[in-house]
Amino acid sequence: MDWAYFLQQLINGLTLGAIYGLIAIGYTMVYGIIGMINFAHGEIYMIGAFHSLITFLICQAAGISGILPLTLLLMLFVSMILTSIYGWGVERVAYRPLRGSFRLAALISAIGMSIFLQNFVQISQGARVKPMQPLIEGGITLMRSPNFDVQLSYMQIIIILLTFVLMVVFSTLIAKTSLGRAQRACEQDRTMAGLLGVNVDRTISTTFVMGAALASVAGMMVTLYYGVIDFYIGFLAGVKAFTAAVLGGIGSLPGAMLGGLLIGLIEAFWSGYLTIEYKDVATFGILVLVLIFRPWGLLGKPEVEKV
Amino acid sequence: MSMLKIEGVHTFYGNIEALRGIDMEVNEGEIVTLIGANGAGKTTLLMTCCGSPQATKGRILFEGQDISRMPTHEICHLGIQQSPEGRRIFPRMSVHENLQMGASTQDPKYFDDDLEMVFDLFPRLKERISQRAGTMSGGEQQMLAIGRALMGRPRLLLLDEPSLGIAPLVVKQIFETIKKINREKKVTVFLVEQNAFHALKLAHRGYVMVNGNITLSGTGAELLANPEVRAAYLEGGH
Ligand SMILES: Nc1ncnc2c1ncn2[C@@H]1O[C@H](COP(=O)(O)OP(=O)(O)O)[C@@H](O)[C@H]1O
Ligand SMILES: [Mg+2]
């Protein structure tokens, strides 16, 4: 066994998993609070990627792209804010009017929203692949072996660290603040939360905003990591992050993070050791298996607790 | 002055008319009880007072202000708290977090004092402070539901069948506490009960609901002595 090669796949898998995990949080939180799969969430991530690219191009035109930290921070925050507005808008336009309607209505609306956003970006930004020049280059060689050097790029370090920090901050927010408590209350009993004075509509909006903000960070990191984006990247990433959320246990926050990591690792090892052509098959195979044998996922609960 | 005044209220679920023109009032400082058979519409009336569902017709005045068109969370901010049917504590939160939820409308500076006040009334909750609420017994959950409502410093407390499914000894304790809340904490109480005997003994005044209508009203003692009430709600019991 070539440990160097193994280590390299591990690093690649963690990087990918971090990105899937960030997107998966949006699926799982929205599912937790309103019990629906927000199929437009993959598109939100894609829009986040576009916002970061556009912000970069504006920085470049303004001549400040040479100041790398400033440019990166601008990309991060502008993309988070604009993408959050999209997340908020999706809920307002496509889901809130259907609240209290039958479940399928919201689901159909979600799929419609997803198609709409994809087409909107295709038309407004063009269908061609958009290149992003590499901003953060280089890395560390962790290990040298006769036929293979293990590389940890600076970009990978940033992705893994930033994801880790965001997840810690986010988990703390949910566990410790009154906003997080209100979100969990709405998850468990929305009517009761309202009776206690929680503005349920606003809490749901906040959940969409948070999910979109995290997805936009994932979008920005993918833009920087792979260097190309197009209007279609939301679909595949969305389905994979959704799989991650289901694998971890839909509705469970640690589950989404764990599921994301596992999907990233599986994909990396599958491509590294088996065949790169069929790497998506691995993810979807997992989705099918989980749905058949353990639909509540790894960290989810098999049934609702007695109240 | 009446604190809560319900005028000609109709409430529908789809096209089922659950309330058919309710008129009643609760005065400041009182304990008022509403009794009636299962399915009469008692829960619907309490929930309509909180705007969930909203009344289709009629007005609900709280301290003179019409709240019948207000969203639920705003009504709560006016000082109306409910311990609803089925208790509806948050099962996957700790007792402490449930009480924090109760204090959602309040300035955090009151929290510690209010917590002490609730623990005074229900010492059991203090022992269970970090337990997951869903794993507590029915009686403890009921105490939590009332305690949670009190954390919101209500002026009007709505209680929906606090005795349902609870051991008789605990029921007695809970009714004692309701009396204490009313006397000592000066909270006006609107109590819905199927346990008519206990409720009427406790209450200053009472109403009887049948099929979405109020059919009788009077002081607790009057209703207790009323032959109709005795036949329908008290026979065989106690
Ligand atoms: N969510 C609901 N949807 C439809 N009908 C309901 C709903 N809740 C209650 N009802 C109906 O309204 C009537 C009054 O119910 P309820 O207010 O729960 O009575 P009570 O509390 O006196 O037992 C009943 O006929 C009940 O079936
Ligand atoms: Mg009832």
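A salt bridge is a side-chain nitrogen of Lys or Arg within 4 Å of a carboxyl oxygen of Asp or Glu. Keep that in mind as you explore this predicted model, where local features need pLDDT of at least 70, side-chain atom pairs count only at pLDDT 80 or more, and totals for chains, interfaces and linings use all residues. Residues are numbered from 1 along each chain as its sequence is written, chains are lettered from A and ligands numbered from 1 in the order written, and side-chain values use heavy atoms, without hydrogens or water.

**First stop: chain B.** Select Arg128(B) and Glu140(B): they form a salt bridge, with the closest N and O atoms 3.2 Å apart. Arg128(B) is partly exposed at 23% relative accessibility, while Glu140(B) is buried at 4%. (Buried means under 20% relative accessible area, exposed over 50%, and partly exposed in between, using a 1.4 Å probe and protein chains only.)

**Next stop: between the chains.** Now pick Glu97(B) and Arg184(A), whose side chains meet in a salt bridge (2.7 Å, N to O). Glu97(B) lies in helix H3 of chain B and Arg184(A) in helix H6 (residues 178–188) of chain A, so the pair joins two chains. Helices here are DSSP runs (H or I, at least four residues), numbered from the N terminus. Are these two residues buried or exposed? Both Glu97(B) and Arg184(A) are buried.

**Last stop: chain A.** Select Arg99(A) and Asp201(A), another salt bridge (2.4 Å, N to O).
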